[in-house]
Amino acid sequence: APLGNGKRSFSSSSSSSSSGMTVGVVGAGVAGLQTIRAMRLKGHAVECFDMGSSVGGVWRENYKGFGVQVPKQLYEFADLPMDEANFGDFPTGEQTQAYVERYADHFGLREHVSLNTKVTQVKQLGDGRWTVALTLPDGAHTDRTFDKLVVCSGLYSAHNKFVPDRVSGQDQFAGDVMHTFDFRSDEQVAGKKVVVVGNGKSAVDIAVAASDAGAAKVTLLSRRAHWATPRKIANLIPFQQVFLSRLGQALVVGLRGPLPGSSPPLMTMWHALGWPLMAGAFKVVELIFAAQYRNLTGPTSPFLKESVVTDFYGYAQVLTYDFRDKVRAGDVDWHVGAIDHFTQKGVTTRGGEEIGADVVIYGTGFSKNYDLFDDATKQKLNVESDGLYLYRNTVHTAIPNLAFVGSEIATIMNITTYGLQAWWLAKLWAGEVPYNRKEAEEEVEQIKAWKRTWMPDTPARASLILLHQTHFHDRLLKDMGVAHRRRGANVLAELFTAQVSQHYDGIIGKA
(Lines give C-alpha, C1' and ligand atoms only; values in the text may rest on other atoms or scores of the structure.)
Protein backbone atom coordinates (compact mmCIF):
# COMPACT_ATOMS: atom_id res chain seq x y z
CA ALA A 1 0.00 0.00 0.00
CA PRO A 2 1.22 3.54 -0.69
CA LEU A 3 2.98 5.35 2.12
CA GLY A 4 3.51 9.10 2.63
CA ASN A 5 5.42 11.30 0.16
CA GLY A 6 4.95 8.86 -2.67
CA LYS A 7 6.63 6.04 -0.81
CA ARG A 8 5.39 2.49 -1.08
CA SER A 9 6.12 -0.72 0.71
CA PHE A 10 8.11 -3.13 -1.46
CA SER A 11 8.66 -6.84 -1.75
CA SER A 12 11.08 -8.60 -4.05
CA SER A 13 8.50 -9.44 -6.70
CA SER A 14 5.27 -7.78 -7.71
CA SER A 15 1.96 -9.40 -6.94
CA SER A 16 0.12 -11.01 -9.83
CA SER A 17 -3.20 -9.83 -11.18
CA SER A 18 -6.02 -12.15 -12.11
CA SER A 19 -4.45 -12.42 -15.56
CA GLY A 20 -1.16 -13.46 -14.02
CA MET A 21 0.73 -10.61 -15.74
CA THR A 22 2.78 -7.98 -13.92
CA VAL A 23 3.88 -4.79 -15.66
CA GLY A 24 6.52 -2.31 -14.55
CA VAL A 25 6.41 1.26 -15.85
CA VAL A 26 9.33 3.71 -15.76
CA GLY A 27 8.19 7.34 -15.63
CA ALA A 28 4.96 9.01 -14.47
CA GLY A 29 4.52 11.71 -17.08
CA VAL A 30 1.74 11.92 -19.67
CA ALA A 31 2.87 8.64 -21.27
CA GLY A 32 3.40 6.72 -18.05
CA LEU A 33 0.03 7.66 -16.59
CA GLN A 34 -1.84 6.58 -19.70
CA THR A 35 0.14 3.34 -19.75
CA ILE A 36 -0.84 2.63 -16.14
CA ARG A 37 -4.47 3.18 -17.02
CA ALA A 38 -4.35 1.00 -20.15
CA MET A 39 -2.61 -1.89 -18.40
CA ARG A 40 -4.93 -1.70 -15.41
CA LEU A 41 -7.97 -1.77 -17.70
CA LYS A 42 -6.66 -5.05 -19.10
CA GLY A 43 -6.49 -6.47 -15.58
CA HIS A 44 -2.71 -6.38 -15.15
CA ALA A 45 -0.90 -5.64 -11.92
CA VAL A 46 1.00 -2.47 -12.72
CA GLU A 47 3.56 -0.44 -10.77
CA CYS A 48 5.19 2.78 -11.90
CA PHE A 49 8.39 4.41 -10.64
CA ASP A 50 9.37 8.05 -11.00
CA MET A 51 12.31 9.84 -9.41
CA GLY A 52 10.41 13.11 -9.20
CA SER A 53 8.35 14.41 -6.30
CA SER A 54 5.09 14.44 -8.29
CA VAL A 55 3.60 13.08 -11.48
CA GLY A 56 3.94 15.15 -14.65
CA GLY A 57 7.41 14.45 -16.02
CA VAL A 58 8.66 17.30 -18.18
CA TRP A 59 5.73 19.49 -17.07
CA ARG A 60 6.76 19.22 -13.42
CA GLU A 61 9.58 21.71 -13.97
CA ASN A 62 11.34 23.35 -16.88
CA TYR A 63 12.73 26.67 -18.04
CA LYS A 64 11.06 29.98 -17.18
CA GLY A 65 8.03 30.59 -19.34
CA PHE A 66 7.89 27.12 -20.91
CA GLY A 67 4.64 25.86 -22.35
CA VAL A 68 2.93 23.84 -25.06
CA GLN A 69 3.67 24.92 -28.64
CA VAL A 70 0.33 23.72 -30.01
CA PRO A 71 -3.21 24.86 -29.05
CA LYS A 72 -4.83 23.03 -26.18
CA GLN A 73 -7.23 21.06 -28.37
CA LEU A 74 -4.19 19.27 -29.82
CA TYR A 75 -2.65 18.53 -26.42
CA GLU A 76 -5.34 16.79 -24.41
CA PHE A 77 -5.93 13.34 -23.01
CA ALA A 78 -8.56 12.04 -25.42
CA ASP A 79 -10.99 11.17 -22.63
CA LEU A 80 -10.50 14.15 -20.29
CA PRO A 81 -10.80 17.68 -21.71
CA MET A 82 -8.33 20.31 -20.56
CA ASP A 83 -10.44 22.78 -18.60
CA GLU A 84 -7.34 24.66 -17.45
CA ALA A 85 -7.11 26.51 -20.80
CA ASN A 86 -9.59 27.81 -23.36
CA PHE A 87 -10.04 26.48 -26.89
CA GLY A 88 -7.27 27.87 -29.06
CA ASP A 89 -5.03 28.80 -26.13
CA PHE A 90 -1.44 27.59 -25.99
CA PRO A 91 -1.29 26.24 -22.41
CA THR A 92 1.47 27.28 -20.04
CA GLY A 93 3.62 24.73 -18.27
CA GLU A 94 1.79 25.41 -15.01
CA GLN A 95 -1.61 24.86 -16.61
CA THR A 96 -0.43 21.63 -18.22
CA GLN A 97 1.01 20.31 -14.97
CA ALA A 98 -2.28 21.02 -13.17
CA TYR A 99 -4.10 19.17 -15.94
CA VAL A 100 -1.82 16.13 -15.69
CA GLU A 101 -2.32 16.04 -11.92
CA ARG A 102 -6.09 16.17 -12.44
CA TYR A 103 -5.89 13.28 -14.91
CA ALA A 104 -4.02 11.17 -12.34
CA ASP A 105 -6.69 11.94 -9.74
CA HIS A 106 -9.65 11.53 -12.07
CA PHE A 107 -8.68 7.98 -12.98
CA GLY A 108 -7.20 7.06 -9.60
CA LEU A 109 -3.70 6.39 -10.91
CA ARG A 110 -1.57 7.67 -8.03
CA GLU A 111 -1.93 4.44 -6.08
CA HIS A 112 0.19 2.75 -8.73
CA VAL A 113 3.00 5.33 -8.67
CA SER A 114 6.05 5.33 -6.39
CA LEU A 115 7.53 8.83 -6.40
CA ASN A 116 11.04 9.88 -5.33
CA THR A 117 12.05 6.41 -6.47
CA LYS A 118 14.94 6.09 -8.92
CA VAL A 119 15.33 3.19 -11.32
CA THR A 120 19.06 2.49 -11.35
CA GLN A 121 19.20 -0.59 -13.57
CA VAL A 122 16.98 -2.88 -15.59
CA LYS A 123 18.10 -6.43 -16.31
CA GLN A 124 16.41 -9.26 -18.16
CA LEU A 125 16.47 -12.60 -16.38
CA GLY A 126 16.97 -15.98 -17.98
CA ASP A 127 13.23 -16.65 -17.96
CA GLY A 128 12.58 -13.38 -19.83
CA ARG A 129 11.22 -11.40 -16.89
CA TRP A 130 12.68 -8.05 -15.85
CA THR A 131 14.43 -7.14 -12.63
CA VAL A 132 14.23 -3.44 -11.83
CA ALA A 133 16.77 -2.11 -9.33
CA LEU A 134 15.43 0.83 -7.29
CA THR A 135 16.72 3.46 -4.92
CA LEU A 136 13.92 4.33 -2.51
CA PRO A 137 13.14 7.76 -1.01
CA ASP A 138 15.07 6.91 2.16
CA GLY A 139 18.14 5.86 0.17
CA ALA A 140 17.57 2.14 0.63
CA HIS A 141 17.90 -0.22 -2.34
CA THR A 142 15.58 -2.96 -3.50
CA ASP A 143 14.64 -4.95 -6.61
CA ARG A 144 11.30 -5.61 -8.27
CA THR A 145 10.54 -8.26 -10.87
CA PHE A 146 7.98 -7.95 -13.67
CA ASP A 147 6.72 -10.01 -16.58
CA LYS A 148 6.74 -7.00 -18.87
CA LEU A 149 8.32 -3.55 -18.79
CA VAL A 150 7.30 -0.25 -20.36
CA VAL A 151 9.71 2.70 -20.56
CA CYS A 152 7.84 6.03 -20.44
CA SER A 153 10.70 8.36 -19.56
CA GLY A 154 9.88 10.77 -22.39
CA LEU A 155 11.72 12.46 -25.22
CA TYR A 156 13.11 15.17 -22.94
CA SER A 157 14.72 14.39 -19.61
CA ALA A 158 16.42 16.86 -17.31
CA HIS A 159 18.88 14.11 -16.51
CA ASN A 160 20.04 13.93 -20.14
CA LYS A 161 20.59 17.59 -20.99
CA PHE A 162 22.80 17.87 -24.05
CA VAL A 163 25.63 20.37 -23.69
CA PRO A 164 28.65 20.12 -26.01
CA ASP A 165 31.76 18.64 -24.46
CA ARG A 166 33.84 21.21 -22.69
CA VAL A 167 34.73 23.80 -25.32
CA SER A 168 38.26 25.16 -25.53
CA GLY A 169 38.84 28.01 -23.10
CA GLN A 170 35.70 27.39 -21.05
CA ASP A 171 37.78 27.06 -17.88
CA GLN A 172 38.93 30.68 -18.15
CA PHE A 173 35.44 32.07 -18.90
CA ALA A 174 34.49 34.35 -16.02
CA GLY A 175 30.73 33.99 -16.52
CA ASP A 176 28.11 31.28 -16.12
CA VAL A 177 27.36 28.39 -18.49
CA MET A 178 24.01 26.61 -18.26
CA HIS A 179 21.38 24.66 -20.20
CA THR A 180 18.02 26.26 -21.04
CA PHE A 181 16.38 23.84 -18.58
CA ASP A 182 18.23 25.60 -15.75
CA PHE A 183 17.06 29.12 -16.63
CA ARG A 184 14.46 29.78 -13.94
CA SER A 185 14.55 33.47 -12.93
CA ASP A 186 15.13 36.95 -14.35
CA GLU A 187 17.93 37.49 -11.84
CA GLN A 188 20.10 34.99 -13.71
CA VAL A 189 20.34 37.35 -16.72
CA ALA A 190 19.21 40.84 -15.68
CA GLY A 191 21.81 43.46 -16.60
CA LYS A 192 24.09 40.83 -18.16
CA LYS A 193 25.33 40.05 -21.66
CA VAL A 194 23.71 36.78 -22.69
CA VAL A 195 24.61 34.40 -25.51
CA VAL A 196 22.03 31.71 -26.31
CA VAL A 197 23.26 28.80 -28.42
CA GLY A 198 20.74 26.99 -30.64
CA ASN A 199 17.74 27.70 -32.85
CA GLY A 200 15.07 25.35 -31.48
CA LYS A 201 12.02 26.50 -29.57
CA SER A 202 13.69 26.50 -26.16
CA ALA A 203 16.62 28.59 -27.44
CA VAL A 204 14.28 31.10 -29.06
CA ASP A 205 12.08 31.22 -25.95
CA ILE A 206 15.09 31.91 -23.73
CA ALA A 207 16.44 34.63 -26.01
CA VAL A 208 13.08 36.42 -25.77
CA ALA A 209 12.80 35.80 -22.02
CA ALA A 210 16.32 37.11 -21.37
CA SER A 211 15.54 40.30 -23.27
CA ASP A 212 12.28 40.73 -21.35
CA ALA A 213 14.19 40.17 -18.10
CA GLY A 214 16.40 43.19 -18.75
CA ALA A 215 19.56 41.58 -20.08
CA ALA A 216 22.09 44.18 -21.21
CA LYS A 217 22.53 42.38 -24.54
CA VAL A 218 21.15 39.14 -26.00
CA THR A 219 22.76 37.23 -28.86
CA LEU A 220 21.30 34.07 -30.41
CA LEU A 221 23.96 31.95 -32.07
CA SER A 222 22.79 29.15 -34.36
CA ARG A 223 24.72 26.91 -36.75
CA ARG A 224 22.11 27.21 -39.49
CA ALA A 225 18.93 29.04 -40.29
CA HIS A 226 15.82 26.93 -39.61
CA TRP A 227 12.19 27.32 -40.48
CA ALA A 228 9.64 28.37 -37.89
CA THR A 229 5.98 27.54 -38.42
CA PRO A 230 3.60 30.42 -37.62
CA ARG A 231 0.59 29.75 -35.42
CA LYS A 232 -1.57 31.13 -38.24
CA ILE A 233 -0.52 30.72 -41.86
CA ALA A 234 -0.76 34.06 -43.70
CA ASN A 235 -2.04 35.39 -40.36
CA LEU A 236 -5.39 33.81 -41.21
CA ILE A 237 -5.46 30.01 -41.04
CA PRO A 238 -4.41 28.08 -37.90
CA PHE A 239 -1.47 25.90 -38.94
CA GLN A 240 -3.21 22.72 -37.79
CA GLN A 241 -6.07 23.23 -40.25
CA VAL A 242 -3.56 22.94 -43.07
CA PHE A 243 -1.20 20.27 -41.78
CA LEU A 244 -3.39 18.11 -39.52
CA SER A 245 -6.38 17.59 -41.79
CA ARG A 246 -6.51 14.59 -44.10
CA LEU A 247 -6.01 16.97 -47.01
CA GLY A 248 -2.92 18.38 -45.32
CA GLN A 249 -1.65 14.86 -44.68
CA ALA A 250 -2.02 14.16 -48.40
CA LEU A 251 -0.06 17.32 -49.26
CA VAL A 252 2.87 16.23 -47.09
CA VAL A 253 2.74 12.67 -48.43
CA GLY A 254 2.67 14.02 -51.97
CA LEU A 255 5.95 15.81 -51.32
CA ARG A 256 7.85 13.35 -49.12
CA GLY A 257 6.12 10.03 -49.63
CA PRO A 258 3.92 7.72 -47.57
CA LEU A 259 4.82 6.40 -44.13
CA PRO A 260 5.62 2.70 -44.72
CA GLY A 261 3.14 0.39 -43.06
CA SER A 262 0.72 3.19 -42.20
CA SER A 263 -0.24 5.29 -45.23
CA PRO A 264 -2.83 3.78 -47.61
CA PRO A 265 -1.44 2.14 -50.80
CA LEU A 266 -3.02 4.85 -52.96
CA MET A 267 -0.62 7.34 -51.38
CA THR A 268 2.35 5.67 -53.10
CA MET A 269 0.86 6.46 -56.51
CA TRP A 270 -0.06 9.97 -55.41
CA HIS A 271 3.52 10.67 -54.33
CA ALA A 272 4.96 9.33 -57.59
CA LEU A 273 2.70 11.57 -59.65
CA GLY A 274 2.19 14.53 -57.37
CA TRP A 275 5.58 15.41 -55.91
CA PRO A 276 6.53 18.01 -58.58
CA LEU A 277 3.24 19.81 -57.98
CA MET A 278 3.71 19.64 -54.21
CA ALA A 279 7.30 20.86 -54.47
CA GLY A 280 6.01 24.01 -56.16
CA ALA A 281 3.16 24.38 -53.69
CA PHE A 282 5.48 24.19 -50.71
CA LYS A 283 7.76 26.82 -52.24
CA VAL A 284 4.75 29.13 -51.99
CA VAL A 285 4.30 28.07 -48.36
CA GLU A 286 7.96 28.89 -47.72
CA LEU A 287 7.56 32.32 -49.27
CA ILE A 288 4.55 33.00 -47.02
CA PHE A 289 6.39 31.81 -43.90
CA ALA A 290 9.51 33.85 -44.71
CA ALA A 291 7.39 36.93 -45.34
CA GLN A 292 5.49 36.46 -42.10
CA TYR A 293 8.72 36.33 -40.12
CA ARG A 294 10.20 39.21 -42.17
CA ASN A 295 13.11 36.89 -43.00
CA LEU A 296 13.29 36.61 -46.78
CA THR A 297 17.01 37.24 -47.23
CA GLY A 298 20.32 37.14 -45.42
CA PRO A 299 22.21 34.49 -43.46
CA THR A 300 19.39 33.94 -40.96
CA SER A 301 16.82 33.21 -43.69
CA PRO A 302 16.19 29.56 -44.68
CA PHE A 303 14.27 30.68 -47.79
CA LEU A 304 15.58 28.95 -50.93
CA LYS A 305 18.13 27.12 -48.75
CA GLU A 306 16.11 24.54 -46.80
CA SER A 307 12.88 22.69 -47.55
CA VAL A 308 10.31 23.72 -44.95
CA VAL A 309 8.96 20.15 -44.64
CA THR A 310 12.40 18.51 -44.46
CA ASP A 311 13.59 21.06 -41.92
CA PHE A 312 10.47 20.53 -39.82
CA TYR A 313 11.43 16.87 -39.43
CA GLY A 314 14.68 17.85 -37.81
CA TYR A 315 13.94 21.08 -35.99
CA ALA A 316 10.16 21.40 -35.63
CA GLN A 317 8.95 24.54 -33.91
CA VAL A 318 5.77 26.61 -33.89
CA LEU A 319 6.52 30.19 -32.87
CA THR A 320 4.85 33.51 -32.19
CA TYR A 321 6.27 36.73 -33.61
CA ASP A 322 7.98 37.68 -30.33
CA PHE A 323 11.45 36.63 -31.48
CA ARG A 324 10.98 38.21 -34.92
CA ASP A 325 10.02 41.49 -33.34
CA LYS A 326 12.92 41.39 -30.87
CA VAL A 327 15.38 40.89 -33.72
CA ARG A 328 13.83 43.66 -35.82
CA ALA A 329 13.91 46.05 -32.85
CA GLY A 330 17.57 45.26 -32.15
CA ASP A 331 16.79 43.75 -28.75
CA VAL A 332 18.21 40.38 -29.86
CA ASP A 333 21.16 39.91 -32.21
CA TRP A 334 20.85 36.76 -34.32
CA HIS A 335 24.05 35.35 -35.75
CA VAL A 336 24.58 32.23 -37.84
CA GLY A 337 27.70 30.55 -36.51
CA ALA A 338 29.10 28.36 -33.77
CA ILE A 339 31.37 28.83 -30.77
CA ASP A 340 35.00 28.06 -31.52
CA HIS A 341 36.32 28.87 -28.06
CA PHE A 342 35.63 30.78 -24.88
CA THR A 343 37.58 33.80 -23.69
CA GLN A 344 37.57 35.32 -20.24
CA LYS A 345 34.95 37.85 -21.31
CA GLY A 346 32.90 35.92 -23.84
CA VAL A 347 33.13 33.64 -26.84
CA THR A 348 34.78 33.65 -30.25
CA THR A 349 32.94 32.10 -33.20
CA ARG A 350 34.51 29.86 -35.82
CA GLY A 351 34.35 32.84 -38.15
CA GLY A 352 36.51 34.85 -35.76
CA GLU A 353 33.77 37.09 -34.37
CA GLU A 354 34.19 38.00 -30.70
CA ILE A 355 30.97 38.21 -28.67
CA GLY A 356 31.01 39.52 -25.12
CA ALA A 357 29.12 37.39 -22.61
CA ASP A 358 28.44 37.09 -18.90
CA VAL A 359 26.11 34.11 -19.38
CA VAL A 360 26.11 31.41 -22.07
CA ILE A 361 22.91 29.35 -22.28
CA TYR A 362 22.83 26.20 -24.38
CA GLY A 363 19.49 25.51 -26.05
CA THR A 364 20.86 22.32 -27.58
CA GLY A 365 18.19 19.91 -26.47
CA PHE A 366 18.43 16.56 -24.77
CA SER A 367 20.23 13.33 -25.54
CA LYS A 368 18.92 9.80 -25.15
CA ASN A 369 20.58 7.38 -22.75
CA TYR A 370 20.02 3.64 -22.57
CA ASP A 371 22.51 2.88 -19.80
CA LEU A 372 19.57 1.85 -17.64
CA PHE A 373 19.64 -1.51 -19.41
CA ASP A 374 22.09 -4.35 -18.92
CA ASP A 375 24.66 -4.94 -21.66
CA ALA A 376 22.81 -7.89 -23.20
CA THR A 377 19.62 -5.85 -23.57
CA LYS A 378 21.48 -2.86 -25.00
CA GLN A 379 23.04 -5.13 -27.60
CA LYS A 380 19.60 -6.44 -28.60
CA LEU A 381 18.19 -2.91 -28.78
CA ASN A 382 20.88 -1.96 -31.29
CA VAL A 383 20.47 1.79 -30.91
CA GLU A 384 21.84 3.47 -34.04
CA SER A 385 23.25 6.93 -34.59
CA ASP A 386 19.81 8.23 -35.60
CA GLY A 387 17.93 6.56 -32.77
CA LEU A 388 16.06 3.44 -31.72
CA TYR A 389 13.88 1.93 -34.44
CA LEU A 390 10.79 0.13 -33.11
CA TYR A 391 7.69 -1.48 -34.57
CA ARG A 392 4.90 1.09 -34.39
CA ASN A 393 7.49 3.17 -32.51
CA THR A 394 6.56 1.05 -29.50
CA VAL A 395 7.95 -2.51 -29.38
CA HIS A 396 11.30 -4.02 -30.29
CA THR A 397 10.94 -7.09 -32.45
CA ALA A 398 13.80 -8.86 -30.64
CA ILE A 399 12.43 -8.18 -27.13
CA PRO A 400 8.66 -8.74 -27.19
CA ASN A 401 8.04 -8.03 -23.49
CA LEU A 402 9.78 -4.63 -23.52
CA ALA A 403 8.02 -1.55 -24.86
CA PHE A 404 8.47 2.20 -25.10
CA VAL A 405 5.49 4.56 -24.87
CA GLY A 406 6.16 8.25 -25.42
CA SER A 407 9.91 7.75 -25.33
CA GLU A 408 10.60 6.98 -28.97
CA ILE A 409 7.96 8.90 -30.89
CA ALA A 410 7.27 12.53 -31.78
CA THR A 411 3.99 13.69 -33.29
CA ILE A 412 2.15 17.00 -33.22
CA MET A 413 -0.44 15.65 -30.77
CA ASN A 414 2.05 13.85 -28.53
CA ILE A 415 -0.19 13.38 -25.50
CA THR A 416 -2.96 11.83 -27.61
CA THR A 417 -0.55 9.62 -29.52
CA TYR A 418 0.80 8.25 -26.24
CA GLY A 419 -2.69 7.23 -25.17
CA LEU A 420 -3.29 5.39 -28.43
CA GLN A 421 0.12 3.76 -28.12
CA ALA A 422 -0.60 2.61 -24.57
CA TRP A 423 -3.96 1.07 -25.47
CA TRP A 424 -2.51 -0.55 -28.63
CA LEU A 425 0.25 -2.07 -26.49
CA ALA A 426 -2.18 -3.32 -23.86
CA LYS A 427 -4.24 -5.00 -26.56
CA LEU A 428 -1.12 -6.39 -28.24
CA TRP A 429 0.02 -8.02 -25.02
CA ALA A 430 -3.51 -9.34 -24.52
CA GLY A 431 -3.33 -11.06 -27.91
CA GLU A 432 -5.97 -8.77 -29.42
CA VAL A 433 -3.73 -7.12 -32.03
CA PRO A 434 -2.30 -9.15 -34.92
CA TYR A 435 1.48 -9.42 -34.87
CA ASN A 436 3.96 -11.22 -37.11
CA ARG A 437 7.59 -10.75 -36.15
CA LYS A 438 8.99 -11.21 -39.66
CA GLU A 439 6.55 -8.70 -41.14
CA ALA A 440 7.24 -6.29 -38.29
CA GLU A 441 11.00 -6.50 -38.88
CA GLU A 442 10.54 -5.87 -42.60
CA GLU A 443 8.38 -2.82 -41.90
CA VAL A 444 10.92 -1.37 -39.47
CA GLU A 445 13.63 -1.72 -42.13
CA GLN A 446 11.39 -0.03 -44.72
CA ILE A 447 10.75 2.90 -42.40
CA LYS A 448 14.44 3.20 -41.61
CA ALA A 449 15.39 3.28 -45.29
CA TRP A 450 12.62 5.78 -46.13
CA LYS A 451 13.56 8.19 -43.36
CA ARG A 452 17.22 8.09 -44.31
CA THR A 453 16.46 9.20 -47.86
CA TRP A 454 15.19 12.64 -46.86
CA MET A 455 14.92 13.41 -43.14
CA PRO A 456 17.80 15.35 -41.55
CA ASP A 457 20.38 13.11 -39.92
CA THR A 458 19.66 13.79 -36.26
CA PRO A 459 19.87 11.50 -33.21
CA ALA A 460 16.05 11.62 -32.99
CA ARG A 461 15.24 10.66 -36.59
CA ALA A 462 13.96 7.18 -35.65
CA SER A 463 11.29 8.74 -33.41
CA LEU A 464 9.84 11.20 -35.91
CA ILE A 465 6.27 10.84 -37.15
CA LEU A 466 5.24 14.53 -36.94
CA LEU A 467 3.18 15.55 -39.99
CA HIS A 468 2.52 11.90 -40.89
CA GLN A 469 0.65 11.45 -37.62
CA THR A 470 -2.85 11.06 -39.09
CA HIS A 471 -1.83 7.96 -41.04
CA PHE A 472 0.11 6.66 -38.02
CA HIS A 473 -2.96 7.05 -35.80
CA ASP A 474 -5.04 5.37 -38.51
CA ARG A 475 -2.68 2.39 -38.46
CA LEU A 476 -2.91 1.94 -34.69
CA LEU A 477 -6.71 2.11 -34.86
CA LYS A 478 -6.90 -0.35 -37.75
CA ASP A 479 -4.66 -2.75 -35.82
CA MET A 480 -7.13 -2.55 -32.94
CA GLY A 481 -10.17 -2.97 -35.18
CA VAL A 482 -11.38 0.58 -34.49
CA ALA A 483 -12.88 2.96 -37.06
CA HIS A 484 -10.04 5.27 -38.08
CA ARG A 485 -12.25 7.98 -39.59
CA ARG A 486 -13.30 9.82 -36.45
CA ARG A 487 -15.99 12.19 -37.80
CA GLY A 488 -18.53 9.57 -38.81
CA ALA A 489 -20.58 10.52 -41.85
CA ASN A 490 -19.20 14.07 -41.98
CA VAL A 491 -16.86 13.51 -44.91
CA LEU A 492 -16.10 17.19 -45.46
CA ALA A 493 -15.01 17.68 -41.85
CA GLU A 494 -12.90 14.52 -42.06
CA LEU A 495 -11.10 15.79 -45.14
CA PHE A 496 -10.71 19.49 -44.53
CA THR A 497 -10.52 20.15 -40.78
CA ALA A 498 -7.83 19.27 -38.29
CA GLN A 499 -7.86 16.13 -36.21
CA VAL A 500 -7.96 17.08 -32.51
CA SER A 501 -7.51 15.07 -29.33
CA GLN A 502 -11.22 14.75 -28.52
CA HIS A 503 -11.83 12.93 -31.81
CA TYR A 504 -10.11 9.94 -30.19
CA ASP A 505 -12.37 9.81 -27.16
CA GLY A 506 -14.11 6.50 -26.58
CA ILE A 507 -11.15 4.29 -27.54
CA ILE A 508 -9.10 3.63 -24.41
CA GLY A 509 -10.85 1.04 -22.29
CA LYS A 510 -13.76 0.73 -24.71
CA ALA A 511 -12.58 -0.14 -28.20
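## The loop with R294

R294 sits in the loop between helix 6 (266–292) and helix 7; helices here are DSSP runs of H or I with at least four residues, strands are runs of E with at least two, and both are numbered from the N terminus. R294 has a positive phi of about 50 degrees, although it is not a glycine. Most residues other than glycine have a negative phi.

This is a predicted model, where local features need pLDDT of at least 70, side-chain atom pairs count only at pLDDT 80 or more, and totals for chains, interfaces and linings use all residues. Residues are numbered from 1 along each chain as its sequence is written, and side-chain values use heavy atoms, with hydrogens and water left out.

## L466 in strand 23

Now for L466, which lies in strand 23 (residues 464–466). Phi of L466 is near 45 degrees, again a positive value in a residue other than glycine. L466 is buried, with a relative accessible area of 6% (buried means under 20%, exposed over 50%, partly exposed in between, with a 1.4 Å probe and protein chains only).

Searching the whole structure turns up three cavities of 30 Å³ or more. On a 1 Å grid over the protein atoms alone, a cavity is a set of points where a 1.4 Å probe fits but cannot get out, and lining residues have an atom within 4 Å of a point. Points are joined across faces, edges and corners, and a volume is the space filled by probe spheres set on them.

The largest cavity comes to about 80 Å³. Its lining is T229, F239, F243, F289, V308, V309, F312 and L467, with helix 7 giving the largest share, three residues. By class that is seven nonpolar, one polar and no charged (Ala, Val, Leu, Ile, Met, Phe, Trp, Tyr, Cys and Pro count as nonpolar, Asp, Glu, Lys and Arg as charged, and the others, Gly among them, as polar).

The second largest cavity holds about 60 Å³. Residues lining it include L259, P260, R392, E443 and K451, and helix 11 (residues 437–454) supplies the largest share, three residues.

Note on methods. On a 1 Å grid over the protein atoms alone, a cavity is a set of points where a 1.4 Å probe fits but cannot get out, and a pocket is an open set with protein on both sides within 12 Å along at least five of seven lines; lining residues have an atom within 4 Å of a point.
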